[in-house]
Amino acid sequence: MPDPRADDPTLERAFAARERWAFDEAYERFSGLLYSAAYNVLHAREDAEDCVHDALLRVWRNPSAYTTDRGTLRSFLAVCVRNAAISRVRATQTRAGAQRRAVVEPEAEFVEFPDVIEQSRLRAAIAALPDEQREPLLLAYYGYRTHVEIADALATPLGTIKSRIAQAVRRLGHAMQPGAAV
Amino acid sequence: MNHIDDSAELYALGALDDLERKRVDAHVATCARCARRLDEAERAVTHAIEADPQYEPSAALGARLTASLDARPTRRATVPRTWFAVAAALAILALPIGYLARGPMRPPSDAQFANATFKMMKLQPVAMSAHVTYAKTGDFYAVMVKHPTRALQVAYVHPDGTMETIGKVETHGDMGVAIMPIDHKMLELALVDGSTVVAEANLAFN
């Protein structure tokens, strides 16, 4: 099987053109990543599978959802599924409930950390962020807060929070590029 | 919409609400510069997703997806984009006028009932039990919500992803109802709580 992390313009063009084989191939390559993206937010196997199912069908049935101009298919789908999972959390349960559920209802079988080196690089990159950027970043990624909620929680102007989160994500992106030093 | 700027990173991180996300989707569909910025942000966040614990879905998920794809042809994928553009333009022009002129809760006429075919489809995913019943002709739509707990609105999701509020769910005992005599075939509806989409339905008119 091709490296699932590598860009594949042929697959992306075919997916954008709604060629059925491309859907099957994308699922074959990315299902673990997509399911993990959902499960790590929802912490329930059935909910996570529902989320992946509905998000993928929604993308597939909307011809304008993904085009090759939109970027990398793998990242697009991963963020799409994760955002769908976050919407479910916001819509159906309180954050306190979600956190309790995360503790008491582990259902899926843990597989592995696929790349310990990458994980270490990410942690180092997050640790290297200034506090003012790291805090809102973590509230967004692990707390599923919107930027409006984060600005309120940190008593910081909304524009400032948006800017700090954007800078943090860009710094992470640069730090995680191949060959980059954290 | 202006360029999305810092909203790209917020989108990738999951820090936008559903309506803000829809606006970003609509913008990047026509702006290559913002699409590139969003792609970079999504690549960065995907590194974080990969660093979280990894799991595998059950085999049933793949089978379920296959069944869903085989069961329902991708009608919207086969319709020319020009039709969507025309439909979206017509909807933007016609819906508010029709909506205001006929009122949000006016029930369908006897003639409409007599000539229409009804379809029922569950809105999903859903935090409460909800259905939409609509005329095959696209003449009107009725959304019913069992035990509504919040002030809900019904929105038309335009083909370009933008959303337009077209009705308000009014509570009658244990049921919430929104009747919308809108003469337009809307392919996608959403149930919205504040700025959060709590349920969606794709509609077919064949």
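**Briefing: chains A and B of a predicted model**

Of the 182 residues in chain A, 45% are buried, where buried means 20 or more other C-beta atoms within 10 Å of the residue's own, exposed 12 or fewer, and partly exposed in between, with C-beta atoms placed from the backbone. In chain B, buried residues are 41% of 206. This is a predicted model, in which local features need pLDDT of at least 70 and side-chain atom pairs count only at pLDDT 80 or more, while totals for chains, interfaces and linings use all residues. Residues are numbered from 1 along each chain as its sequence is written, and chains are lettered from A and ligands numbered from 1 in the order in which they are written.

**Chain make-up**

- Chain A has nine helices and one strand; both kinds of element are DSSP runs numbered from the N terminus, helices being H or I with at least four residues and strands E with at least two.
- Read from the N terminus, the order in chain A is α-α-α-α-α-β-α-α-α-α.
- Chain B has seven helices and 10 strands.
- In chain A, 64% of the contacts between residues at least 6 apart in sequence join residues at least 24 apart; a contact requires C-beta atoms, placed from the backbone, within 7 Å.
- In chain B, 59% of the contacts with a separation of 6 or more are between residues 24 or more positions apart.

**Helix packing within chain A**

- Helix H1 (residues 9-16) and helix H2 (residues 20-42) of chain A pack at about 125° with axes 7 Å apart; axes are lines fitted to C-alpha atoms, for helices over the stretch in contact, and angles run from 0 to 180 degrees between N-to-C directions.
- That angle makes H1(A) oblique to H2(A), since under 35 degrees counts as roughly parallel, over 145 as roughly antiparallel, 65 to 115 as roughly perpendicular and the rest as oblique.
- Leu11(A), Ala14(A) and Phe15(A) of H1(A) meet Trp21(A), Ala22(A), Phe23(A), Glu25(A) and Ala26(A) of H2(A).
- By class, this contact of H1(A) with H2(A) has seven nonpolar, no polar and one charged residues; Ala, Val, Leu, Ile, Met, Phe, Trp, Tyr, Cys and Pro count as nonpolar, Asp, Glu, Lys and Arg as charged, and the others, Gly among them, as polar.

**Interface between the chains**

- In total, 66 residues of chain A are in contact with 55 residues of chain B.
- H4(A) gives the largest share of the chain A side, 13 residues.
- The chain A side divides into 30 nonpolar, 18 polar and 18 charged residues.
- Helix H9 (residues 158-175) of chain A and helix H3 (residues 32-51) of chain B cross at roughly 70°, their axes coming within 8 Å, which makes H9(A) roughly perpendicular to H3(B).
- Val169(A), Leu172(A) and Gly173(A) of H9(A) make this contact with Glu40(B), Ala41(B), Arg43(B), Ala44(B), Val45(B) and His47(B) of H3(B).
- The contact of H9(A) with H3(B) has five nonpolar, two polar and two charged residues.
- H3(B) is mostly covered, with 17 of its 20 residues buried.

**Positive phi outside glycine**

- Ala155(A), not a glycine, has a positive phi of about 50° and is found in the loop between helix H8 (147-153) and H9 of chain A.
- Ala155(A) counts as exposed because it has 6 C-beta neighbours inside 10 Å.
- Asp5(B), also not a glycine, has a positive phi of about 50° and is in the segment before helix H1 (7-13) of chain B.
- Asp5(B) counts as partly exposed because it has 13 C-beta neighbours inside 10 Å.

Key:
Two residues are in contact if their C-beta atoms, placed from the backbone, lie within 7 Å.
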